[in-house]
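Open the model in your viewer and keep the selection tool ready. The tour goes stop by stop.

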6 protein chains.
Amino acid sequence: NFLDALAEVTPAFGVSEGDLKMCLKEGLVNYSPKVHDILTIGHRYVRQTKEKTSLISLLMHGPSGSGKTALAAKIALDSGFPFVRLLSPDNMAAMSESAKIAYIDNLFRDAYKSPLNIVVIDDLEKIIEWVPIGPRFSNAILQVVTTYLKRHPPDDRRLLIITTTSSYSVLQQLDLLSCFNNDIAVPNLSTLDEFNNVMVEKQFLDDKGRAEVLHKLGSITPRLDVGIKNAMINIDSATFGENPVDELVELMAK
Amino acid sequence: NFLDALAEVTPAFGVSEGDLKMCLKEGLVNYSPKVHDILTIGHRYVRQTKEKTSLISLLMHGPSGSGKTALAAKIALDSGFPFVRLLSPDNMAAMSESAKIAYIDNLFRDAYKSPLNIVVIDDLEKIIEWVPIGPRFSNAILQVVTTYLKRHPPDDRRLLIITTTSSYSVLQQLDLLSCFNNDIAVPNLSTLDEFNNVMVEKQFLDDKGRAEVLHKLGSITPRLDVGIKNAMINIDSATFGENPVDELVELMAK
Amino acid sequence: NFLDALAEVTPAFGVSEGDLKMCLKEGLVNYSPKVHDILTIGHRYVRQTKEKTSLISLLMHGPSGSGKTALAAKIALDSGFPFVRLLSPDNMAAMSESAKIAYIDNLFRDAYKSPLNIVVIDDLEKIIEWVPIGPRFSNAILQVVTTYLKRHPPDDRRLLIITTTSSYSVLQQLDLLSCFNNDIAVPNLSTLDEFNNVMVEKQFLDDKGRAEVLHKLGSITPRLDVGIKNAMINIDSATFGENPVDELVELMAK
Amino acid sequence: NFLDALAEVTPAFGVSEGDLKMCLKEGLVNYSPKVHDILTIGHRYVRQTKEKTSLISLLMHGPSGSGKTALAAKIALDSGFPFVRLLSPDNMAAMSESAKIAYIDNLFRDAYKSPLNIVVIDDLEKIIEWVPIGPRFSNAILQVVTTYLKRHPPDDRRLLIITTTSSYSVLQQLDLLSCFNNDIAVPNLSTLDEFNNVMVEKQFLDDKGRAEVLHKLGSITPRLDVGIKNAMINIDSATFGENPVDELVELMAK
Amino acid sequence: NFLDALAEVTPAFGVSEGDLKMCLKEGLVNYSPKVHDILTIGHRYVRQTKEKTSLISLLMHGPSGSGKTALAAKIALDSGFPFVRLLSPDNMAAMSESAKIAYIDNLFRDAYKSPLNIVVIDDLEKIIEWVPIGPRFSNAILQVVTTYLKRHPPDDRRLLIITTTSSYSVLQQLDLLSCFNNDIAVPNLSTLDEFNNVMVEKQFLDDKGRAEVLHKLGSITPRLDVGIKNAMINIDSATFGENPVDELVELMAK
Amino acid sequence: NFLDALAEVTPAFGVSEGDLKMCLKEGLVNYSPKVHDILTIGHRYVRQTKEKTSLISLLMHGPSGSGKTALAAKIALDSGFPFVRLLSPDNMAAMSESAKIAYIDNLFRDAYKSPLNIVVIDDLEKIIEWVPIGPRFSNAILQVVTTYLKRHPPDDRRLLIITTTSSYSVLQQLDLLSCFNNDIAVPNLSTLDEFNNVMVEKQFLDDKGRAEVLHKLGSITPRLDVGIKNAMINIDSATFGENPVDELVELMAK
Ligand SMILES: Nc1ncnc2c1ncn2[C@@H]1O[C@H](COP(=O)(O)OP(=O)(O)OP(=O)(O)O)[C@@H](O)[C@H]1O
Ligand SMILES: Nc1ncnc2c1ncn2[C@@H]1O[C@H](COP(=O)(O)OP(=O)(O)OP(=O)(O)O)[C@@H](O)[C@H]1O
Ligand SMILES: Nc1ncnc2c1ncn2[C@@H]1O[C@H](COP(=O)(O)OP(=O)(O)OP(=O)(O)O)[C@@H](O)[C@H]1O
Ligand SMILES: Nc1ncnc2c1ncn2[C@@H]1O[C@H](COP(=O)(O)OP(=O)(O)OP(=O)(O)O)[C@@H](O)[C@H]1O
Ligand SMILES: Nc1ncnc2c1ncn2[C@@H]1O[C@H](COP(=O)(O)OP(=O)(O)OP(=O)(O)O)[C@@H](O)[C@H]1O
Ligand SMILES: Nc1ncnc2c1ncn2[C@@H]1O[C@H](COP(=O)(O)OP(=O)(O)OP(=O)(O)O)[C@@H](O)[C@H]1O
Ligand SMILES: [Mg+2]
Ligand SMILES: [Mg+2]
Ligand SMILES: [Mg+2]
Ligand SMILES: [Mg+2]
Ligand SMILES: [Mg+2]
Ligand SMILES: [Mg+2]
């Protein structure tokens with residue numbers, strides 16, 4: 001594992017967008033104006049990094065499956081920066097703590113070699129191995145990540161860090177909020193209208209079928225609270241059921 | 001142990017159904033329509049994985065001995081997928097933590113090599129070495145398992161993960177429920193009727209003997225709450241007693 | 001120590017009854033019908049293992065010194081099984097945690113080689129190094145033992161496990177009770193009559209002396225609560241005192 | 001990492017001001033007389049160290065971003081001492097605990113070689129890896145730092161230590177305050193006037209634009225509580241917004 | 001240290017009374033009939049071990065300095081047994097935990113080679129490294145000691161273990177009391193009379209001086225509560241003072 | 001570090017007074033009769049060790065900076081004993097726990113080689129790495145130190161141990177007080193008179209200036225509570241201020 005880690009952490013200088021593109025495989029449904037607003041703020045910080053400030057750290061937070069990773073990936077991929085990288089728990093699974101630390105350290109040292117850089121730190125609470133029972137987490141990993149969140153890149157290099165988390169209050173308790181220059185909330189779907197936009201985009205049944213879904217859902221609960229990620233998978237699940245309408249209602253109302 | 005682990009984790013590519021078949025050695029008694037319902041839901045997710053979604057994670061939960069492992073094994077074995085594997089505490093007994101992690105890591109990397117895969121993660125709370133006093137558990141093992149629960153297989157590979165647990169509330173406290181796309185409850189036997197079906201299937205005494213058992217049991221408690229696993233062993237124990245009827249009543253009423 | 005451990009854990013295939021016989025050095029006094037009842041239940045499970053069920057796990061619990069180990073040893077030695085073994089803290093003293101785990105692992109792997117097996121796990125709470133302050137215990141040892149408590153022997157092998165503990169409530173807190181198919185209570189001496197049977201068997205003084213002991217004891221406390229083990233040592237201690245009657249009364253009333 | 005550490009900790013004898021100068025890259029805005037007062041006290045302790053006392057330890061404390069590091073750097077750089085060094089978490093990121101300890105130890109041993117020395121210990125709570133949850137920290141690092149805070153340099157060497165922290169109460173709980181000869185508070189911007197001085201210095205818009213900012217800010221809250229560091233970055237962020245006045249107000253009022 | 005340990009743990013077979021004799025360097029003052037009673041009980045258990053029971057474990061407990069170690073040493077040295085050994089924290093200072101365990105293990109294995117053995121385990125709470133804050137202790141050392149407290153010597157060997165502790169309630173909390181066959185209290189000096197006996201024995205001043213001490217002490221407190229050990233050192237300290245009477249009173253009343 | 005440690009712990013046999021003399025660099029101001037009293041008691045125990053008792057352990061305790069180390073050093077240096085040594089946290093900075101233990105162990109083994117010995121254990125709570133949060137400390141170091149506090153030197157060797165601490169209540173909680181034969185309180189300056197004696201000795205200003213200081217101080221607080229160490233540094237600090245009188249008042253009243 002350690003050798004793998006070393007191998008992975010010395011990629012050629014430059015763009016390595018593969019992982020980030022994977023996060024956008026399902027596309028971005030424009031189900032609400034909020035989606036646009038978030039991208040606008042993100043792009044503005046991209047400009048500030050490019051033209052003025054050597055280090056900006058942003059925090060994107062919201063419930064599980066609300067679309068944080070996809071939106072962070074979108075901002076990064078649209079930046080046109082020569083170095084964009086994803087730091088994600090997926091790439092560090094089964095590594096020892098010290099291998100993870102070496103991996104993180106190398107990723108940032110790599111970033112420091114390019115003039116304009118974006119690092120997306122995905123699922124920060126998972127990277128630090130946070131578990132609410134105890135609570136437990138790796139302080140050693142936490143220390144290296146938070147040091148890099150505040151450490152200015154050398155010389156004239158620029159770095160924009162976009163961190164995602166579904167555990168805002170955990171970061172608060174860990175006193176990490178002062179590490180970020182700004183934080184951006186990514187909400188769940190909250191209205192039937194928003195959900196209808198998703199069904200339309202996913203071509204779920206026809207207008208009548210969707211109306212039936214909305215009607216039944218509305219009679220159970222006036223407001224939704226489901227992330228875009230789960231909404232999209234539920235629509236697919238329902239497609240394989242015997243009664244797609246009822247099953248989708250059941251899955252969305254759970 | 002570590003060498004053993006390495007040896008075990010590099011099996012030939014393809015189906016390895018031995019362990020799963022062991023879980024069904026005693027067969028499936030159709031003691032209630034609930035049994036059929038659970039299998040139906042399971043098979044539907046098998047179809048969804050095959051035809052559409054790259055990663056589905058299910059959770060089967062219920063009291064100790066309610067039949068979770070047998071049902072998960074049945075769904076997996078019926079899938080016809082080229083790769084079906086069981087990740088169970090039994091295979092990792094006496095391994096060190098790092099050997100367990102390597103074992104789990106390798107099992108999933110193996111799975112990623114086949115186009116259609118099912119992994120049954122049996123007794124998740126035991127895999128993470130959960131003990132309610134403390135509480136204690138291996139966070140390192142937990143991290144690697146939960147990362148794989150959410151990590152999409154590469155390219156066009158598909159993966160259905162069926163996890164079993166008798167400690168639903170533990171997973172809740174560990175904030176793991178958001179890792180699963182759906183969860184399925186596997187209940188205990190709860191009526192004398194259901195129990196009678198099991199006695200009939202096991203050919204315990206004759207109609208009169210079984211009626212006597214049900215009558216005596218019914219006079220002690222109106223409802224049962226015993227898992228199918230224990231019910232079947234109790235029937236066998238009673239067979240070796242001097243007074244099978246009374247002993248079975250006593251064992252079932254304990 | 002580790003080499004010793006390895007040496008000890010690869011005994012020749014077959015019966016190894018030495019340690020179990022040591023547990024019966026002082027014999028079994030038939031001081032109450034309860035003694036017979038416990039042996040009867042035990043022998044019944046021996047039959048079930050032999051003829052039907054591949055794995056049975058029993059728990060014998062009771063106060064310190066109540067005779068659990070001697071009774072478990074008796075059941076095992078009477079079974080006529082080709083493989084009977086004692087897993088006891090005594091044999092693992094001063095081993096490291098990993099050596100203990102290897103020792104336990106090997107003992108069970110050994111057992112899996114014989115068609116009919118009994119393993120007596122003596123003093124489970126001590127094997128897991130339980131201490132009520134903290135509380136502390138070795139989770140690694142606990143995991144390996146509990147895995148073997150539920151793991152079916154391969155092929156047609158049969159295994160009866162008899163576990164003893166003087167800390168029933170500890171096992172309860174550790175959620176271990178569901179690992180056992182049945183549990184059997186081994187009580188202390190609770191009446192003067194029972195104690196008299198022991199004095200007679202040990203030939204302590206004559207009828208008059210014993211009557212005096214019982215009379216004096218009875219005037220202090222109407223009921224006894226002393227284990228057979230301590231009762232027998234106290235009788236010996238009194239023999240070496242200047243006034244055996246009074247000293248025995250004092251020791252038994254402590 | 002360890003080899004790197006060793007390499008870094010044996011710099012040539014003498015001044016090594018690079019890191020300290022980095023801390024002053026954005027200059028010192030004279031936004032309030034308090035800034036001057038802090039520098040005056042600092043310079044006085046520089047004189048005392050030079051002419052009389054072999055060891056002085058100061059503590060600069062204040063909220064996150066209030067300018068502690070910049071002020072400590074200024075005092076050190078103005079001293080004219082042959083040896084001025086910065087001990088900062090940035091230089092120890094990803095080091096193991098023992099590498100950090102060796103690094104700190106070597107830095108002070110280095111300092112003991114020069115007649116007049118200043119060491120700035122930046123972000124003490126981060127150096128000891130403090131996290132409020134637990135709480136957790138490295139006692140080994142804490143021990144080595146606090147020993148050096150009180151250890152007199154050998155022979156006639158002189159040492160002024162300036163420590164910064166944004167967690168005064170943590171040091172209090174750790175019983176560290178008795179390690180310092182004096183402590184100096186570095187406050188946030190607290191009036192609109194102070195903030196105006198910063199806007200003027202940063203040439204944010206014109207008088208009218210700044211007046212609008214102050215007017216809007218004043219209508220939201222009568223008093224500010226923002227550090228100079230964040231105030232300066234917010235001004236830059238606003239510059240890249242579509243409506244700089246409103247965005248600056250929003251950022252400052254957050 | 002480890003090599004030293006090994007060297008020390010393989011002494012020639014037989015008596016090794018040196019350390020035990022050291023414990024009696026200051027002799028035994030017969031300051032009260034209680035002293036005789038304790039020795040009588042001890043000697044009786046020596047006889048029982050010699051003639052009948054293969055393992056006896058005693059516990060001598062009392063306040064710090066009350067004379068436990070000296071009395072245990074006396075009983076052991078008077079036994080005439082071929083093997084008498086002292087297991088004391090002093091001989092294990094600065095050893096690692098595993099070296100201590102090996103040392104203890106070897107001492108008992110040694111003991112098992114001789115037909116009649118006494119092991120004095122001195123200061124059990126210190127051997128297990130007990131500290132009330134936490135509380136902390138070495139569970140590994142505790143496990144090895146308690147296993148040997150209950151483990152019968154092989155074949156016809158006999159073993160008497162005399163354990164001392166000044167922390168009876170700690171052993172109680174650790175659930176260790178059931179490891180001992182009997183426990184013997186060693187009290188402090190509690191009357192002026194007892195203290196006078198000690199002064200006489202130590203030839204402190206003359207009758208008049210001692211009467212003055214007793215009178216002054218009596219006017220401060222009606223009852224003493226000082227161990228024999230401290231009483232004897234205080235008498236010596238007073239001898240070196242300018243006013244022995246007053247200083248002794250002050251030291252004894254502290 | 002470890003090699004350094006070994007090198008340092010094998011000094012030539014005999015007196016090694018360097019470190020102790022460093023503790024008295026600033027001399028002893030006779031600011032109060034209490035200073036003389038403490039030295040008198042100390043010298044008396046020196047005599048007792050020399051002529052009678054093989055082991056005496058003293059504890060000097062008092063607030064931070066009250067002069068404990070200087071007074072202990074004075075008693076040791078005045079003894080004329082061939083072996084006087086200082087065991088201080090300063091000499092063990094950056095050592096690992098095991099290196100510290102080896103260092104302490106060797107220092108005492110060294111001491112056992114000389115007929116008359118004094119060891120000053122300075123800042124015991126710091127030697128055991130005590131931190132009130134947790135609380136945390138090194139139990140391994142604590143064990144080795146406390147064993148040596150009670151361990152009699154071999155043969156006819158004599159040992160006086162003088163321990164200092166500013167955390168008396170910590171030692172109390174750790175149950176260490178019974179390790180000491182006596183304890184001696186070292187108080188802070190508590191009256192203006194005492195402080196005046198210090199100012200005179202340090203030649204701070206003239207009589208009028210000092211009177212002004214005392215007058216102003218007295219109007220703020222009727223009683224002082226400052227250690228001699230801080231008092232002396234404050235006087236020096238004031239000398240470098242623009243207004244020595246006011247600054248001294250401010251520093252002393254803080
Ligand atoms: N408007 C949208 N915003 C975000 N994601 C969208 C949107 N429309 C569609 N998606 C899709 O929804 C999914 C969002 O999942 P994503 O992993 O980004 O959520 P998440 O909040 O990071 O989840 P988690 O909390 O599990 O990390 C992606 O597959 C993405 O392609
Ligand atoms: N309808 C049924 N559903 C499940 N198991 C059945 C059924 N009928 C019979 N069985 C048998 O009952 C037993 C159920 O045991 P299983 O190990 O699956 O339970 P479990 O819930 O996984 O237990 P545990 O909580 O101990 O893991 C198996 O031997 C299985 O063959
Ligand atoms: N009827 C009896 N049942 C059990 N033991 C008996 C009986 N009669 C005599 N004994 C003797 O009493 C002793 C019981 O001790 P044993 O070690 O079995 O008790 P235990 O409950 O296992 O003690 P512990 O709690 O210390 O493990 C043995 O020496 C055994 O030979
Ligand atoms: N008067 C001033 N005092 C301090 N810093 C100033 C002042 N004027 C401008 N600055 C600039 O403000 C920034 C203050 O940041 P600095 O890192 O010193 O704050 P800090 O309190 O150490 O922050 P942190 O709590 O994050 O360590 C620096 O960039 C500095 O150049
Ligand atoms: N009657 C007596 N009983 C015990 N000790 C006595 C008696 N008379 C004199 N002594 C002396 O008193 C001292 C008792 O010290 P000892 O170390 O045995 O006490 P302790 O209770 O073991 O102390 P600690 O609690 O520190 O271990 C010894 O030096 C012993 O020689
Ligand atoms: N009468 C006195 N008693 C003690 N120290 C004195 C006295 N007069 C002057 N001093 C000086 O005061 C200082 C006392 O410092 P010292 O380190 O001994 O205090 P301390 O109590 O050990 O401090 P800490 O709690 O930090 O260990 C020394 O420099 C000493 O030379
Ligand atoms: Mg995400
Ligand atoms: Mg199961
Ligand atoms: Mg037993
Ligand atoms: Mg700073
Ligand atoms: Mg003792
Ligand atoms: Mg000191």
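This is a predicted model: local features need pLDDT of at least 70, side-chain atom pairs count only at pLDDT 80 or more; totals for chains, interfaces and linings use all residues.

Residues are numbered from 1 along each chain as its sequence is written, chains are lettered from A and ligands numbered from 1 in the order in which they are written, and side-chain values use heavy atoms, with hydrogens and water left out.

**Stop 1: ligand 1**

Stay on ligand 1. Two more side chains deserve a click. A:Lys68 has a side-chain N or O atom 2.6 Å from an oxygen atom of ligand 1. For A:Lys229, the corresponding distance to an oxygen atom of ligand 1 is 2.9 Å. A polar contact here is a pair of N or O atoms within 3.5 Å; within protein, one must be able to donate a hydrogen and the other to accept it, and residues adjacent in sequence count only if both atoms are side-chain atoms.

On its own, ligand 1 exposes 630 Å², and the protein buries 92% of that. Such areas come from the Shrake-Rupley method with a 1.4 Å probe; for residues, only the protein chains shown count as cover.

Now select the shell: 19 residues lie around ligand 1, each with a heavy atom within 4 Å of it. Nearest are A:Gly27, A:Val29, A:Lys68, A:Thr69 and B:Lys150. Chains A and B both contribute residues, so the site is shared between chains.

Colour chain A by helix. Helix H4 (68–78) and helix H11 (228–239) each supply at least two shell residues. H4(A) gives the most, with 4 residues. Helices (H or I, at least four residues) are DSSP runs, numbered from the N terminus.

Colour by class next. The shell around ligand 1 holds 9 nonpolar, 6 polar and 4 charged residues. Ala, Val, Leu, Ile, Met, Phe, Trp, Tyr, Cys and Pro count as nonpolar, Asp, Glu, Lys and Arg as charged, and the others, Gly among them, as polar.

**Stop 2: ligand 6**

Jump to ligand 6. Which chains surround it? Residues from chains D and F do, so this site is shared between chains. The closest of its 19 surrounding residues are D:Lys150, F:Gly27, F:Val29, F:Lys68 and F:Thr69.

Show backbone atoms. Polar ones lie 2.7 Å from a ligand 6 oxygen atom at F:Gly27, 3.0 Å at F:Ser66 and 2.8 Å at F:Ala70. The protein covers 93% of the 630 Å² of accessible area that ligand 6 has on its own. H4(F) provides the largest share of the shell, 4 residues.

**Stop 3: helix H11 of chain C**

Select residues 228–239 of chain C. Is H11(C) buried or exposed? Of its 12 residues, 9 are buried, so the helix is largely enclosed by the rest of the structure. Buried means under 20% relative accessible area (1.4 Å probe, protein chains only). Among the buried residues are C:Ile228, C:Met232 and C:Asp236.

Show the cover. It includes helix H9 (192–201) and helix H12 (244–253) of chain C, together with helix H3 (33–51) of chain E.

**Last stop: chains apart**

Chain B and chain F make no contact (heavy atoms within 4.5 Å). Their closest C-alpha atoms lie 17 Å apart. Chain C and chain F do not touch either, with nearest C-alpha atoms 15 Å apart.

Methods:
The expected span of a helix is 1.5 Å times one less than its number of residues. Buried means under 20% relative accessible area, exposed over 50%, partly exposed in between (1.4 Å probe, protein chains only).
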